[in-house]
Amino acid sequence: MLKINKINVFYGNLQVLRDVSLNINKGEVVAMIGANGAGKTTIIKTISGILKPSSGEVLFEGEDLTKLKIPKITGKGIAQCPEGRRIFPQLTVEENLLMGSYTRNGDKAGKTKDYEWVNSLFPILAERRKQPAVTLSGGEQQMLAMGRALMAKPKLMLLDEPSMGLAPMLVKSIYDIVKTINAEGISVFVVEQNAFMALNHSDRAYVLESGKIVLSGTGKELLDNSEIKNFYLGKKVES
Amino acid sequence: MKKNISLAILAIVLLVLPLLFQSRYTQHILNMILIYVMLGISVNLIFGYIGALTLGQAAFFGIGAYTAAIISTKLGLSFLPCVLCSAVMGCLAGFIIGIPTLRLKGPYFAIATIGLNNIICIIFLNWEHLTGGAVGISGIPYASILGLQFDTERKVYFLLLVSVFLIFLLYRNMISSHYGKVMIAVRDNELAASAMGIDTAKVKVIVLAISTTIAAIAGAYYAHITNYVAPDAFPVMESITFLIIIVLGGAGFKYGPIYGAVVVVILNEYLQYFEQFNMLIYGVLIMILLLFLPSGIAGIVEIAKAKYYEKKKIYYLKEVGIDEMK
Ligand SMILES: Nc1ncnc2c1ncn2[C@@H]1O[C@H](COP(=O)(O)OP(=O)(O)OP(=O)(O)O)[C@@H](O)[C@H]1O
Ligand SMILES: [Mg+2]
């Protein structure tokens, strides 16, 4: 479904991604783990078109996304839930959700159906419907950002550190939602520092170090890998 | 129901207002307020709702005024066709100028609009056979519609009242529609808005063109009311005045342009008495008002309404930065 071929991405002179290749098949949850500054957000931004690679291609259903503008890419069925949430603070919860379905002109019945679906996934959003989004707690804002991405009726959802700053209980429920979304047939690409959660909830995963993919495999394989245990999972798994 | 009654009262007040004030001078002030409401709406759309700080709106006001002046004096077209031509010119100018400049962020856009304002003034001054140079164009006929001549301040008041009302309705519908929410999304987080699939550059240019169309329409009215246009009526200082209307009235608030226009026009008039000190006092007053009303008059009204109707909402207002005092 999504195939990234040897992309190189720079910020000015600074090369952040080096010959990164990966693929996401239809119906999969694919994770990418890496430390701070490894280049995870940069990959998400390159897929969604905010950054353009200096070489390499990003193919989505066979079409090269690097030639398209950001709004067009969203229209193809790729929705993103960016790092730090980036909700619209002054709009209400409801208006934020509707903004997510911007590219779905017409399709009123479908939008209403998805709006109700999102509200059933995140009941708190229904309760806060008329509140400006800025008044939501951090966890609620994360749910809103996910709900908003779902309103685009995506084929592929990009999640950038959905667990950042959330209490363990909430992290778990966020990943439960990922599972539910995936069961609806939406492919998910999630980048995380929280390696344990991400590996546990993904079909396959990649490990990114200083802009290079150093390891890949199924979630379970990587969880058992001794290097991963040392570097990413820390003492928690060793003991 | 309650709302309908207050609207009816407002309508009656607005209709009898010019009859209460007999002096031509006061009626002139009322008319200035109405023109400034149009300009305030124009600035609120692009600054309040899109967040692009414009310091060149007087250029579009001038383009509208000169278009109407030239067409009415040289081609002899009547009032409504003149307004239409001014609107088209304002709209075109908005597109032509918006496409390159709206890519600029924050202060760079503001500076570009200052440059634009100066260029337009130089054109008014130097394209003599069309604009009359420094002397300007005089002899612009009074507005007239279907044989009805608007040749007194009081008649002009009613013409303006109806026109401002129509423009206000369009503006209100625009900002409370889904498109209005899209504008706020673009203003508050452009990157996230484009990730939603919104073509943010297009939204900005379209809103600028609507805003400059309204400024140009105000210009056409101005030309037909004063019967005279000259380059010194459209300097950058005038653009700053339009901006002050919105900052004082409340940027990004529906009624901001109305509150702001009333305060700014009245302040300007009273301060005339202080002669050379007038700009000084004006500046100090504006500073004090802004210190005490960081979200403008409309912000205060919102807070008062929240206190009266819905206590919980006060907390929301604080979160979105609408506060009584800083
Ligand atoms: N706009 C930018 N200009 C210059 N350098 C940048 C820019 N954005 C990111 N970088 C650099 O690129 C590298 C990768 O950044 P990126 O945001 O992709 O990391 P990340 O893996 O998402 O990290 P984190 O887990 O902390 O979010 C970092 O060294 C960062 O300093
Ligand atoms: Mg990151």
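**Reading sheets, helices and contacts**

Trainee: How many bridges join strand β1 (residues 2-11) of chain A to strand β4 (residues 55-60) of chain A?

Mentor: There are 5 bridges between β1(A) and β4(A), and the two strands run antiparallel. Two strands pair if DSSP finds at least two bridges between them. Within this pair, I4(A) has V58(A) in β4(A) as its bridge partner. Keep in mind that the model is predicted: local features need pLDDT of at least 70, side-chain atom pairs count only at pLDDT 80 or more, and totals for chains, interfaces and linings use all residues. Residues are numbered from 1 along each chain as its sequence is written, while chains are lettered from A and ligands numbered from 1 in the order in which they are written.

Trainee: Which strands make up the open sheet of 6 strands in chain A?

Mentor: Follow the order β6-β7-β8-β3-β9-β10; the pairing is mixed. β6(A) (78-81) and β10(A) (212-218) each have a single partner strand, so these edge strands are left with one side lacking a neighbour in the sheet. On average, neighbouring strands of this sheet are turned by 15° against each other, direction ignored. I78(A), for example, is bridged to L156(A) in β7(A).

Trainee: Which strands does helix α1 of chain A lie across?

Mentor: Contact here is judged by C-beta atoms placed from the backbone and lying within 7 Å. Angles run from 0 to 180 degrees between N-to-C directions, and axes are lines fitted to C-alpha atoms, for helices over the stretch in contact. α1(A) (residues 40-47) lies across β3 (29-34), β6, β7, β8 (187-192) and β9 (204-209) of chain A, at about 150° to β7(A).

Trainee: What does α1(A) give to the shell around ligand 1?

Mentor: α1(A) gives the most, with 3 residues. Both α1(A) and β2(A) (14-24) supply at least two residues of that shell. By class, the shell holds 4 nonpolar, 7 polar and 2 charged residues; Ala, Val, Leu, Ile, Met, Phe, Trp, Tyr, Cys and Pro count as nonpolar, Asp, Glu, Lys and Arg as charged, and the others, Gly among them, as polar.

Trainee: How many residues does each chain bring to the contact?

Mentor: Chain A brings 22 and chain B brings 16. On the side of chain A that touches chain B, α2(A) (70-75) and α3(A) (93-100) each supply at least two residues. α2(A) gives the most to that side, with 4 residues. That side of chain A divides into 11 nonpolar, 9 polar and 2 charged residues.

Trainee: At what angle do helices α2 and α11 of chain B pack?

Mentor: α2(B) (residues 24-48) and α11(B) (residues 236-249) pack at about 75°, with axes 8 Å apart. That makes the two roughly perpendicular; the classes are roughly parallel under 35 degrees, roughly antiparallel over 145, roughly perpendicular from 65 to 115, and oblique for the rest. Their contact has 8 nonpolar, 4 polar and no charged residues. Among the residues that meet there are Y36(B) and F47(B) in α2(B), and F242(B) and I246(B) in α11(B).

Definitions and conventions:
Two residues are in contact if their C-beta atoms, placed from the backbone, lie within 7 Å.
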